[in-house]
Every structure is written in C-alpha cells, then in structure tokens.
Amino acid sequence: MKTIVIVISGRGSNMEAIVRAAIPGVRIAAVVSNRPQAKGLAFAAEHGIATAVVDHTAYADRETFDAALAEVIDSHSPDLVVLAGFMRVLSEGFVRRYEGRLLNIHPSLLPSFPGLHTHRRALEAGVRIHGATVHFVTPALDCGPVVIQAAVPVLDDDDEERLAARVLAAEHRIYPQAVRWFVEGRIRVVGNRVEVLGAAQAAAALIVPALESAS
Ligand code: GRF
C-alpha cells in the first residue's frame, strides 16, 4: 500500500478526480490546504479523508510556512505528495525534501506558458493546441521532468472559460494516470526525462480530438 498526501488551495477538482479513481494500492492519508476556505476540504472530509489547514497568512515568511506544511505532510509518512491546484511557490528546501516524490499539474503544455493565466495567454498567443502537464516538481517553477501531457485543440469560438473547462477535463484524466504509474513503480526519471516502464510510447500523451472537444 502506498500512502499519498494531496495538497490543494481551492476547488480541488483534481484531488477529487484522484480520489474517485480509487487507485488500487493507494491510501490517501490526508488532504492539506493552505487556505481554510478551500472548497475541496469538504469533499475530502465527506469521503472520510483526514484534512488539515496550514494557513500561509499565519506565517512570517515562505520558509516558516513551508516548514509547517512539511511537518503536517511528514506526519503521514507519504510515498508521494501530490500538488493539485496548490497556488503557492515552494522554497527550494521544501522541494528538495520531497525530490522524486512530489508531483504537480500545470494547465499548459510545458514548457509553454509557465506561471499564471495560462488559458488567457494561450488565446492571446493564438496557439491551436493547448493542454496540461503533470510533472515532477523541481526548484525552478513549472520546469520539472514531464510525466504525462494532454493536448486539447483551441477552437475558434473559445474564450478563457471554455478553454479552461476543456483543459480541466483533460487534467482529470491524466493526473490519476500519473499517480497510478507512480504507485505501480513504473516511473523512472532519467535526467529531465521520464520513462514510463511497460507503457506504450504514446501512453504518456493524451490527445483530445477536436470533434470530441466540440461536442
Ligand atoms: C488546475 O487547472 C490546475 O492545473 C492548476 O490550478 C487548477 C486547480 O483546479 N494548477 P482544482 O483545484 O484541481 O479544481
């Protein structure tokens, strides 16, 4: 049995997708939020998962907040820490502590559009393909080895909201998949590249076709 801790800041729909996936061999020990109002906390509690809040506004600086967060996480001795809509930049010390067992999901096809407002920026840039990336977290923001990506088309009548919804639906497909591979011990990181053992070459790329997206 592998133990995971999921860290959120808000809605928690990716956390929900991972919980609903009921991945064999996974115990979700806790859902931790840096915001007391995070909607996802209620879903976790309703599903019998321990919840905790480490409110970043109560800490003087990033390092002391990160230390408090790490203390809560470590009390569960997780094999894997999953950042799911966690909206804080983490200190290098925190990232190093969980090196190789800290995943994040980012709503763009990295390395395009790191940072915030990815859907707006994709529309402004006029790209025809957008998407989401699950990656290992390294000290540089939105930069770590890529586990799986989902590509969705950008349609002519898209606005930020429509595009975000299409990407989010794809996120809910790839994040549970990445967690499943991790707990099955099938992920090997070689430099900045991830090998998924036993998976078909194309398995780590989900392409959502235009017709499926438009319907
Ligand atoms: C997702 O789009 C995720 O990629 C980004 O923030 C959003 C969080 O959504 N990091 P949710 O809280 O999982 O619903």
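Student: Which residues of H3 are buried in this model?

Tutor: This is a predicted model, and in it Phe65, Asp66, Ala68, Leu69, Ala70 and Ile73 of H3 are buried.

Student: Why do residues three or four places apart in an α-helix point the same way?

Tutor: An α-helix has 3.6 residues a turn, so residues spaced by three or four places face one way. With that in mind, look at Phe65, Leu69 and Ile73, which are among the buried residues of H3.

Student: Okay, what do the buried residues of H3 pack against?

Tutor: Their partners are strand E1 (2-8), strand E2 (26-33), strand E4 (80-83) and helix H4 (92-97).

Student: How do I check the span of helix H3?

Tutor: Count 1.5 Å a residue: helix H3 (residues 62-74) has 13 residues and should span 18 Å. Its end C-alpha atoms are 18 Å apart, which agrees.

Student: Zooming out, how many helices and strands does the protein chain have?

Tutor: Seven helices and ten strands. The radius of gyration of the chain is 17 Å, close to the 17 Å that the globule rule gives for 215 residues, so the chain is as compact as a globular protein of that length. As for burial, 47% of the 215 residues count as buried.

Student: What share of the contacts with a separation of 6 or more comes from residues 24 or more positions apart?

Tutor: In this protein chain, that share is 62%.

Student: And what about charge: how many positive and negative side chains are there?

Tutor: There are 21 positive and 23 negative ones, and the centres of the two sets lie 4 Å apart.

How values were computed
Residues are numbered from 1 along each chain as its sequence is written. This is a predicted model: local features need pLDDT of at least 70, side-chain atom pairs count only at pLDDT 80 or more; totals for chains, interfaces and linings use all residues. Side-chain values use heavy atoms; hydrogens and water are left out. Helices (H or I, at least four residues) and strands (E, at least two) are DSSP runs, numbered from the N terminus. The radius of gyration is taken over C-alpha atoms; the globule rule is 2.2 Å times the number of residues to the power 0.38. Buried means under 20% relative accessible area, exposed over 50%, partly exposed in between (1.4 Å probe, protein chains only). Contact means heavy atoms within 4.5 Å. Lys and Arg count as positive and Asp and Glu as negative; His and the chain ends are not counted. The place of a charge is taken as NZ of Lys, CZ of Arg, CG of Asp or CD of Glu. The expected span of a helix is 1.5 Å times one less than its number of residues.
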